[in-house]
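Morning, everyone. I have one structure to walk through today. Please have a look at it before I start.

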Amino acid sequence: MAHSLPTLGYTYDALEPHIDAQTMQIHYTKHHQAYVDNLNKALEGTGDSDKTLEEIMANISSYTPAVRNNGGGHFNHTLFWSILGPNSSAPSGDLAIAINDAFGSLDGLKEKLNSAGATRFGSGWAWLCVQDGKLVVCSTPNQDNPMMDVVECKGTPILGIDVWEHAYYLKYQNRRGDYLGAIWNVINWNEVEKRYKAAL
Ligand code: MN3
């Protein structure tokens, strides 16, 4: 079965004023759709059209650059939409404990993730991952992610922040740091917690 765009769990303007509606609409309907279309095209005739994204990521070194870029793009954005939401609260339960253990506090995690995103040269992603049962922060270039067998920072991503300019330029222009500061107002911690439990 061909890959397809996941349903967005909220409206384009739901993350205003932190992420503007126009950015959301273009990001989802143009950028993400293009990754999906180009992934399907790149997999055509390879016999791997029925593989899950996770299977493809784990073995990405044996695929073409088009599968790596567009498969990564599809995986990363699907995760990204799911961990965003209009009613952000705070981490709770085991995730809150693990964050305190690994980073001292939620502010410690924010600082580390924002620094990973701010220092990623060009385009890429900043990640919170589960690695051997522990939380770690890292970043990857382009549309790579920690599920890929080719990246240095391997793990199960439970929160990812898109630092491509298309994610923030309409509202924040070159101020990536302002975008990274604002995005914490729209994190769906319930989803991050769900992914944390599943990753353990
Ligand atoms: Mn993007």
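This is a predicted model: local features need pLDDT of at least 70, side-chain atom pairs count only at pLDDT 80 or more; totals for chains, interfaces and linings use all residues.

The link is left-handed, with -45° about the S-S bond. Cys138 lies in strand S2, and Cys153 in the loop between S2 and S3, so the pair ties together parts that are 15 residues apart in sequence.

Now the strands. S1 covers residues 124-131, S2 covers 134-141, and S3 covers 156-162. S1 and S2 run antiparallel, joined by 8 bridges. Val130 has Leu135 in S2 as its bridge partner. S1 also pairs with S3, again antiparallel, over 6 bridges. Here Trp125 stands opposite Asp162 of S3. Is S1 mostly covered or mostly open? Mostly covered: 7 of its 8 residues are buried.

Look at the turn next. S1 and S2 make a hairpin with 2 residues between them. Asp132 is in that turn, with a positive phi of about 50°. Most residues other than glycine have a negative phi. Asp132 is not a glycine, yet its phi is positive. Asp132 counts as exposed, at 79% relative accessibility.

There is another residue of this kind. Gln173 has a phi near 50°, also positive and also in a residue other than glycine. Gln173 lies in the loop between H6 and helix H7, residues 176-182. Gln173 is partly exposed, with a relative accessible area of 30%.

One more backbone point. Glu16 and Pro17 are joined by a cis peptide bond, with omega about 0°. Pro17 is in the segment before helix H1, residues 21-43.

On to the metal. Which residues coordinate the manganese ion? They are His27, His77 and His166, each through NE2, and Asp162 through OD. The distances run from 2.0 to 2.1 Å. Along the chain, the donors follow the spacing H-x49-H-x84-D-x3-H. His77 lies in helix H3, while His166 is in the loop between S3 and helix H6, so this pair ties together parts that are 89 residues apart in sequence. Both His77 and His166 are buried. And note Asp162 again: this donor to the manganese ion is the S3 residue opposite Trp125.

Last stop, helix H8, residues 189-199. Asn188 caps the N-terminal end of H8. A side-chain oxygen of Asn188 lies 3.2 Å from the backbone nitrogen of Asn190. Which residues of H8 are buried? Trp189, Glu191, Val192, Glu193 and Tyr196. What do they pack against? On the helix side, H3, H4 and H5. On the strand side, S1, S2 and S3.

Note on methods: Residues are numbered from 1 along each chain as its sequence is written. Side-chain values use heavy atoms; hydrogens and water are left out. Buried means under 20% relative accessible area, exposed over 50%, partly exposed in between (1.4 Å probe, protein chains only). Helices (H or I, at least four residues) and strands (E, at least two) are DSSP runs, numbered from the N terminus. Contact means heavy atoms within 4.5 Å. A polar contact is a pair of N or O atoms within 3.5 Å; within protein, one must be able to donate a hydrogen and the other to accept it, and residues adjacent in sequence count only if both atoms are side-chain atoms. Two strands pair if DSSP finds at least two bridges between them. Donors are N, O and S atoms within 2.8 Å of the metal (3.2 Å for Na, K and Ca); water is not among the atoms, so sites may look incomplete. A disulfide is a pair of cysteine sulfur atoms within 2.5 Å.
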